[in-house]
Amino acid sequence: MSELSAGAFRRKPLVVQYPSLLIFLGLLALFTLGVTVLSEGFGIGVISTSFVKTLGKTLCLCLVALAMDLVWGYCGILSLGHMAFFGIGGYAIGMWLMYARTELIVIESLAGQALPPTAQEISDGIATQIFGVVGASEFPPIWAFAHSLPLQLAAVVLVPALLALVFGWLAFRSRVTGVYLSILTQAMTLALSLYLFQNDSGLRGNNGLSGLQNLPGLGDVPQSVVSVWFLWASALALGLGYLACVAIVSGKFGSVIRAIRDDEARVRFLGYPVEAYKLFIFTFTAILAGIAGALYYPQAGIVNPAEIAPIASIYLAVWVAIGGRGRLYGAVIGAAFVSLLSTWFTGGQAPDVNLGFATIQWVDWWTVLLGLSFVAVTLFAPKGIGGLFDLIAAKRSPDRHGADLGPDPGALREKEANE
Amino acid sequence: MIWYFRQLAAGLACLLALPAFAQQAEAPIQALLVEYGDIIAKSSRKTIGPAIDALANSGLPQAQTVLERWQAKEMWRNKETGLFVFAEEVDRDTLRIFDFNDEGEIGIAPDDDFKQLKPNSGIRGMIGAALVQFQLIDPDPELRATALDAIERDPEESHLTALRATAQGEGNPVLAARKERLERLLTIRFGETDDERIAAIRSFEGDLGVDARATLNPLVATSVVVSATPLGGAEIKRIIEPGSEALPRSDAYALLVDAEMAPPLVSREDKRVALVANIEDGQVAGIEVAALGTEAARDMAYAALAATGKVEPVAEETEIEKTLQTFLFYERYTGASPAVALAAADVLSGIETKVAWNQMADLGLDALSLASIYFLAAIGLAITFGVMGVINMAHGEFIMMGAYTGYVVQLFVTDYTLSILIALPLAFAVTFSAGVAMERLVIRWLYHRPLETLLATFGISIALQQIAKNIFGTQARPLTAPGWLDGSLVFNDIVSISYIRIAIFVLALLFLALFLFVMNRTRLGLEVRAVTQNPRMAASMGINPDKINMLTFGFGSGIAGIAGVAIGLYAKVTSEMGADYIVQAFMTVVVGGVGNIWGTLLGASLVGTLQKGIEWLNPSNTLAAQTYMILFIILFIQFRPRGIIALKGRAAEA
């Protein structure tokens, strides 16, 4: 039955099926244009470069939240590992950025010598520069491709994909579901961050990779311009990611993954290869997260293992839950809203609240407020901020009083048809 | 009048004292001192040795006094006669002087006539070493023990004689055993004949003491020698091939170079320097400088330079190989004569096997204590998660709350034993209330929605962690164990376990017993099991499921609080301590099998043993050990998704 109705929907163009797509892309374009006009690099300079960077980073966080929503809100897999994929993306691009920039510096410093430097001397020089902080002076094997931008860009996609594929295959194959899967993904994240914390992991231990905001070869371009470039790239990635997610969740494929979320066993009995669907979603979202990370960290300037720790992935789940899971724009709203609010509160801009007997300083108490409001959202507003749009939509659409669209109890529900 | 007589008496005493100096000079100890008088007065560390030795080995009864007074800077020398006395300062300018021979008072004299001997700290140390032999027979056992300590720290050949002389008469059995052992150790080092040394070495067969190994190891030291002709003789341990692990080829070649049997290698850096030195008009030996950007080009240029004789020729790879093959490399014992070295090597290998076994035992104890910590952290979860099926991500924060309760109690109660006794029930009370509040306010609305429970408890965990940080700050707070838990239970030099770990182990066992008792022997346990299996049926039997859920959750949380106090004693109390254990605790429960306390016990043992085992393989790196442990658990769950002990039948469905 669901196949039949899904087939009927597929004939319609994507935009008609998912009207919020056009609105979203339009708003994103407007936002990007607006920021560009107001920026220091290309416009009238109302918005500072650091705030442009914050906005660009927020767009990347929206992209990873989108991935989280797809895997959790639509497919029901509460993954606590997507920030690890995000971090891996950052490390992959960071390796090239750091290598290429250090190479320029080393070549420059060797240029004054009597003999032209050999390839080995340059490589030794770079290695000493990069790994001096962890007491090493040789390139670990993991840096074998760091000299090449295309290969590291491929790693941004392939490493998270491969990790997700292997981990997902192992987990889904043995039917680990629900909270067990969450704990398992959390353990994976913890293992990865602990591994990276070691000095001999080959990725500079807890120093992480730094100086990523300086693009090699573009030393003359001011950061105000670079920040806008990254904003454009992030907006483009978010737009394309949104489009891809819409394409996935609408149509028959989308129906199947929602069905897996609601009753996995039933879908399996209908003959669908549940594991393959889950694996696809898990891997695809890992790739999205990797790309988001690769765009985020050059704007942040530094990536270190603390960014991969399980708590980061938990915050990701918090954003999606507050924004409203199970709807793509909800994830974007949640990530943008909570992360910008977070920046505002922890940046010390929020005014202190004087209670008479004590003063609440938001730098200290913001996390408490966030945690408690998260509990409140889970308890009282499971739809999150996105649920507010339902109130508007409910006024417009014909009211079927929640009746099923078809004759029997298994038919598509009104709510589902509107998604 | 009286005053006059006194003056007269003092003057007479002075007059009478004068002949005493003459008498002193005849005493053998004074003769000895005078003989070395100039060396002693010079007081230089380089030359003082013979004087101290002569005094120490003189066999004179007064030698000890002389050395002691000298060390204490109380020895003075008469500037005119060159005789030595010891003296006390009466006031700034006057001395009361004593004779070394009979320690009798000679009289009072102005200090202008005497020069104080002030040995520097190096010389005082040498005097101290010489004094050891006197201290060994001192009536005070503590002083004898100090002397033995001094010998252990810095043994000398003379100590051996002293030890042998005094070992028989030692009355204190502990000191006698120490003396006997030390005598054997010193015999190994300083024994005169090989037979004597070998016998001493053999006596340490299977001995686990660090001192025994420290004494034996230098004996088996070897060095590599190179020879063009085959070498024989007992001191040759073995022939080694260049390029093997014991002797890398570069080291072998360096040996040849040192022995001037082969031309030196020219390093890349040397080559570069040589090339730079020979740049002429932008060229090196006819090759453009700009072209020297590769190693091959540099080699060529260097070879061209060598051909013109401007630099030393380089050894080529093939030549190195050929040279290495013409020579033989031997490992030779350098620490001792071959017979002694062989005996030492034999005994050492036996000791090492035994050490390995003991290290295994020590590792086992470590693993056991780690397992009991994980068990403590996990047992509360075994109730809330295992029995009730509620995922409580704030469990780690309950552990933290328990630990901070202990810290706060110690702020008010300074007696550590008492404060721990108060802290344990108080921590239970605090976390029990927190658990009950959480169950009432949040969790009961989310039963049967495990993912939501997980998220909501995450929120609480974040908030609790930050609140703790705001109240107590980010720095670690101490939770001090009572004095009787300090120190450790020492089996031998290798195997030991601290009392605090034993206490944690005992506590874990107590909790296991408590859990089993509550679950299987009490009304509460019966009702808990009934509610978990079928809440509706339990309700119709007159059990109030709400109340039972609340109490069970509170019980699990309360145990987490007590575990927090125990873990706080072992590690530091920080706001993040709970988060450090939460993943491992969940792993322990999941690996063991949800819903079965024996499974949790097995899980904790597995996780603890595994982590210690991996640490043993890679001892420098506990982070790596945790990483591999988690990876192993992820794989383990692939093969036993329901844990070691999987529930079967209806219980599994609940």
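Two strands pair if DSSP finds at least two bridges between them; helices (H or I, at least four residues) and strands (E, at least two) are DSSP runs, numbered from the N terminus. The model is predicted: local features need pLDDT of at least 70, side-chain atom pairs count only at pLDDT 80 or more, and totals for chains, interfaces and linings use all residues. Residues are numbered from 1 along each chain as its sequence is written, while chains are lettered from A and ligands numbered from 1 in the order in which they are written.

**Exercise 1.** Determine the strand order of the open sheet in chain B and explain which strands stand at its edges.

*Solution.* The 5 strands follow the order β4-β3-β2-β1-β5 (chain B), with antiparallel pairing. β4 (105-110) and β5 (114-116) of chain B each have a single partner strand, so one side of each lacks a neighbour in the sheet. Next, β1 (residues 75-78) of chain B is joined to β2 (residues 84-89) of chain B by 3 bridges. Within these strands, B:R77 stands opposite B:F84.

**Exercise 2.** Describe the side of chain A that touches chain B.

*Solution.* Taking contact as C-beta atoms, placed from the backbone, within 7 Å, 40 residues of chain A are in contact with 43 residues of chain B. α8 (178-197), α13 (310-323) and α15 (362-380) of chain A are the elements giving two or more residues to this side. Of these, α8(A) gives the most, with 14 residues.

Key:
Two residues are in contact if their C-beta atoms, placed from the backbone, lie within 7 Å.
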